[in-house]
Each structure stands twice: as structure tokens, then as C-alpha cells.
Amino acid sequence: MAEQPRPKKAQSESKSLKEQLWDPVAGFGVTFRTMFKKVVTEQYPFEKEPTAPRFHGRHQLNRWPDGLEKCIGCELCAWACPADAIYVEGASNHDGPTDDADSGRFSPGERYGRVYQINYLRCILCGLCIEACPTRALTMTNEYELADDNRADLIYEKSDLLAPLLPGMASPPHAMHEGFDEGDYYRGGLGGVTPAAPSAPSSTGGES
Ligand code: SF4
Ligand code: SF4
């Protein structure tokens, strides 16, 4: 038969007088030592500390210096994602006038990402998708405040992920820079040049 634990009273009586005096002093000693240490508690959300520079936060779909999108709709990011959090539908670019708002030239080359979604209910912010992207269209920002009060708003659409337009950039669809082909874009020949804007954008921001 298992031995029964001794009652508390019996345990305390078995403590020596030295132990009975020293234990509280040792316990409060931890409290007093901590009182004079530097406070490390962060007062989030009232005071926000910057993240590490390479922190993996919300994704961003980047643009070329003229505002065209870097995404070519290849789906490599979606295939690389271990959480199946990315959905991409590619489509063909078209040059020349068009009546359809979803038609025209959105990126240099043949294809662009017509639909782009990231489901932040699934995403584990591992960064494998940005490693897979061949055009550096997809990168991650330091933004970490991704909580919301409903599931639908945590599926980010292309419009939520696209980098804002810098001054001088034009919102696609529009033609490639005059005299340039897609190779010039990928070789970095575009530099900081910006084409005449077909429809002048108003928002600002940066591309990484
Ligand atoms: S960060 Fe990781 S989990 Fe999130 S979309 Fe990219 S590959 Fe998928
Ligand atoms: S973000 Fe990059 S990998 Fe994903 S579809 Fe666009 S170009 Fe391809």
C-alpha cells in the first residue's frame, strides 16, 4: 500500500528554525532584486517597439519604378507555401486600347497576376513564398498587426497587398516605358525613370 503524504502541520514542524526564518527572506529577496532591475515590460499597444529589420510580417506585392506590377502570375509562391495559404490566377497582358478594366498591361512581359490572395488564417509567416518568387514581386514587410474580428477580412486580396504608388508612378494598366522591353525591366535598365502617367495616382508609399 502506498505511503500517505504527511500532513502540512507535521511538515512545517519538521523544518528547522533556520529554515523557517531564511525561506521568507530568500523569497522576498527575489522581489527586491527585481524592483531595481530595468523594466522590460512592453506597453503594447500604447507604445510600439520597432521589430527586427528582417522580421517576417505582412506580405507586399511590389512594383517597378513606373508603377507596373512585378508579379507575373507564375504561382511559384503558391506551390512553395506549406500552408496552402496563397491563391493566384494569372492572365495575359494586352497592349493597346481596351474597354475592360481588367484587361491591358499590368506588368512587363506576357503575364500578370490577375487574382492574388493570401489567407492569413493559414499563413505561418515562414517566408518560403518570397524565396520562391523569381521576380522579387513578393516580399514581406515588418507589419505584424494582422488580427481582426472576422475570418473574411483575414483573406487579403491583391488590392490589400500591392505596394502603394510612389509619386510619379502610374496605376496599371498602362504601356511599358517607351523604347523599353521586358528585358530592360529585368536587367534594371528602367532605373528611376517614370513614364507619362495615363492616370495620375494619388497615394504614396514605397516598394522594397
Ligand atoms: S509566409 Fe509561408 S505560410 Fe505564409 S504564405 Fe508564405 S509560404 Fe505560405
Ligand atoms: S508573387 Fe512571385 S512567385 Fe508569386 S505569382 Fe507573382 S511572380 Fe510568381
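So, C74: leaving out residues up to four places away in sequence, C74 touches G90 and P134, where contact means C-beta atoms, placed from the backbone, within 7 Å. Keep in mind that this is a predicted model, in which local features need pLDDT of at least 70, side-chain atom pairs count only at pLDDT 80 or more, and totals for chains, interfaces and linings use all residues. Residues are numbered from 1 along each chain as its sequence is written, while chains are lettered from A and ligands numbered from 1 in the order in which they are written.

Back to C74, which sits in the loop between β1 and α3. C74 has 17 C-beta neighbours inside 10 Å, so it counts as partly exposed. The cut-offs there: buried is 20 or more other C-beta atoms within 10 Å, exposed is 12 or fewer, and partly exposed is in between, again with C-beta atoms placed from the backbone.

Now C71. The loop between β1 (59-61) and α3 (76-80) holds C71 too. C71 counts as buried, because 26 C-beta neighbours fall inside 10 Å. Beyond four places in sequence, C71 contacts L61, S107, Y112, G113, Y116 and A137.

What does UniProt say? Its unreviewed entry lists C71, C74, C77 and C133 under "binding site"; such annotations may be inferred rather than shown by experiment, and the positions are in the numbering used here, with feature names shortened. Those residues are spread over 63 residues of sequence but cluster in space, with a largest C-alpha distance of 10.4 Å.

And which residues come nearest to ligand 2? Of the 14 around it, they are C71, C74, C77, C133 and L138, "around" meaning a backbone-placed C-beta atom within 6 Å. The shell has ten nonpolar residues, three polar and one charged. In that scheme Ala, Val, Leu, Ile, Met, Phe, Trp, Tyr, Cys and Pro are nonpolar, Asp, Glu, Lys and Arg charged, and the others, Gly among them, polar.

Last, the sheet. It's open, three strands in the order β2-β3-β5, with antiparallel pairing; two strands pair if DSSP finds at least two bridges between them. β2 (86-92) and β5 (155-156) are at the edges with a single partner strand each, so one side of each has no neighbour in the sheet. Seven bridges join β2 to β3 (residues 111-119). Two bridges link β3 to β5, and I118 has Y156 as its bridge partner.

Definitions and conventions: Helices (H or I, at least four residues) and strands (E, at least two) are DSSP runs, numbered from the N terminus. Two residues are in contact if their C-beta atoms, placed from the backbone, lie within 7 Å.
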